[in-house]
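Here is a short briefing to read alongside the model. Have the viewer open as you go through the points.

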Amino acid sequence: MRGITITYKYSGDEAIWKTTISDFISAIDNDAVLAGKFTYQVAIADDKETRFHWGRWDSAETLAHVQSQEYFKTFAGKVREFSGGAPSATPHDIAVKTSGW
C-alpha cells in the first residue's frame with residue numbers, strides 16, 4: 001500500500017478551508033472506481049494552523065485515476081493556495097499497520 005503525508009500551515013478563512021476539504025472527501029466517497037482502494041484523512045494540529053493530509057491507495061492505477069479527475073485538480077490547486085505555495089509532501093510505503101483504519 002502506498003501513501004502520502006502532506007503538511008502545511010493555514011490561518012485563513014476556516015469556512016472556505018472546511019468546504020474545500022469536505023467537497024474533496026465527498027468526491028472521493030462518490031467515485032465508485034475508488035471504493036475500497038483509496039482513503040483520505042485530514043487533521044488540524046493543536047496549534048490550529050498546522051494541517052495534515054494522509055492519502056492511501058492500493059496501486060499506481062488507482063492513484064492515476066484520482067489524479068486525472070477534475071475534483072483532484074481543483075483540490076490540489078486549493079491546497080497550494082492554502083499553503084502559500086507547494087505544501088510539504090512525503091510519499092511513502094505503508095510498512096505495518098493495525099487491522100482497522
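Buried residues (under 20% relative accessible area with a 1.4 Å probe, protein chains only) make up 31% of the 101 residues in the chain. This is a predicted model, in which local features need pLDDT of at least 70, side-chain atom pairs count only at pLDDT 80 or more, and totals for chains, interfaces and linings use all residues. Residues are numbered from 1 along each chain as its sequence is written, and side-chain values use heavy atoms, leaving out hydrogens and water.

**Fold and dimensions**
- Three helices (DSSP runs of H or I, at least four residues) and four strands (E, at least two) are found in the chain.
- Read from the N terminus, their order is β-α-β-β-α-α-β.
- The C-alpha trace spans about 35 × 30 × 20 Å along its principal axes.
- Of the contacts (heavy atoms within 4.5 Å) with a separation of 6 or more, 71% are between residues 24 or more positions apart.

**Aromatic rings**
- There are nine aromatic pairs, counted when ring centres of Phe, Tyr or Trp (its six-membered ring) lie within 6.5 Å.
- Phe-52 and Trp-54 are stacked (planes under 30 degrees apart), because their planes are at 0°, with the ring centres 5.8 Å apart.
- Ring pairs join Phe-24, Phe-38, Tyr-40, Trp-57, Tyr-71, Phe-72 and Phe-75 into a cluster.

Key
Buried means under 20% relative accessible area, exposed over 50%, partly exposed in between (1.4 Å probe, protein chains only). Rings of Phe, Tyr and Trp (its six-membered ring) pair if their centres lie within 6.5 Å; planes under 30 degrees apart count as stacked, over 60 as edge-to-face and the rest as tilted.
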